[in-house]
Structure formats: C-alpha cells, structure tokens
Amino acid sequence: QGGRALVLVECDGALVDVHDMVHRSAFNSALQLGGSPKRLDVDTYGDLLRLADGTAEGMLRVFFSQVGWPSQLASADRDEYVNGLVRAKEVATRELVGRGEVAVR
C-alpha cells in the first residue's frame, strides 16, 4: 500500500555483458551439447556479430561456413542441426540467468 517499486531495464549490455557472459557462453554450451568440438572465442564471436544477420541462426551458419560443418552431418540436415543448436542456446541462456551467474558490471 503506497510502497515504491523499482523497475530495472537492461539495455543491450549497459548493466551486464550480455554478449560474452550470456550469449557467447550459451552458444558454447549449445555447441558442446550438439557434439561440435568447435567453440566461440571472444574474437570469433565479435566477428560473427559483424558478419551475420543478427540472429543466432545466421551467426551459426557463418561460423560453420568458416570453420567447417561437422563431417558426419549431411548437407540436407544443416537446417535441423542449426535449429537444434538455437534451441539448446535458448535453454542455456535461461539456465545461466536462472542460476544467477550473470554479474552486473
């Protein structure tokens, strides 16, 4: 009754390094779950942000076009593989945030 509320809005990394601490980490978790030995280092992730279309799908397609698709993956299965990685990344993102592993700057 008459109490005050605080609403905190995170705007693209102002309070939290969402690109490195959340998105890059979540991509790497998804890649590991998807059986890929490849990982995104900071520089590669930065390049993908500039080169891709801004979507997780686009970033993964550019990434695999640069480092090579998994050898056991048929070309016809690439869409399904990318979609599975995106779903795994979304789960990893929720888990990182839910565990409180995202530090405020």
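What is the relative accessibility of Asp-79, and does that count as buried, partly exposed or exposed?

Tutor: Asp-79 has a relative accessibility of 45% and counts as partly exposed (buried is under 20% relative accessible area, exposed over 50%, partly exposed in between; 1.4 Å probe, protein chains only). The model is predicted, so local features need pLDDT of at least 70 and side-chain atom pairs pLDDT 80 or more, while totals for chains, interfaces and linings use all residues. Residues are numbered from 1 along each chain as its sequence is written, and side-chain values use heavy atoms, without hydrogens or water.

The side chain of Asp-79 meets that of Arg-61 in a salt bridge, with N and O 2.4 Å apart (side-chain nitrogen of Lys or Arg within 4 Å of a carboxyl oxygen of Asp or Glu). This pair links distant parts of the chain, 18 residues apart: Arg-61 is in helix H3 and Asp-79 in helix H4. Arg-61 is partly exposed as well, at 32% relative accessibility.

The whole structure has two salt bridges. Asp-47 and Arg-50 form one of them, their closest N and O atoms lying 2.5 Å apart. Both residues are in helix H2, three residues apart, which means about one helical turn between them. Asp-47 is partly exposed, at 34% relative accessible area, whereas Arg-50 is exposed, at 63%.

Now for the helices themselves. The protein has four helices and zero strands (DSSP runs numbered from the N terminus: helices H or I, at least four residues; strands E, at least two). Along the sequence the pattern is α-α-α-α.

H2 spans residues 42-51, and its buried residues are Tyr-45, Gly-46 and Leu-48. Their arc around the axis is only 160 degrees, so they lie on the same side of H2 (the arc is taken from the directions from the helix axis to the C-beta atoms). Arg-50 sits on the face turned away from that buried side, together with the exposed residues Asp-43 and Leu-51. Cover for the buried residues of H2 includes helix H1 (18-33) and helix H3 (56-67).

Beyond its neighbours within four places in sequence, Phe-64 is in contact with Leu-31, Ser-36, Trp-69, Pro-70, Tyr-81 and Leu-85 (contact: heavy atoms within 4.5 Å). Ser-36, in the loop between H1 and H2, is buried, with a relative accessible area of 4%. With residues up to four places away in sequence left out, Ser-36 touches Leu-31, Phe-64 and Tyr-81. A polar atom of the Ser-36 side chain also lies 3.1 Å from the backbone nitrogen of Lys-38.

Over the protein as a whole, 33% of the 105 residues are buried. Of the contacts with a separation of 6 or more, 53% are between residues 24 or more positions apart.

Key. A polar contact is a pair of N or O atoms within 3.5 Å; within protein, one must be able to donate a hydrogen and the other to accept it, and residues adjacent in sequence count only if both atoms are side-chain atoms.
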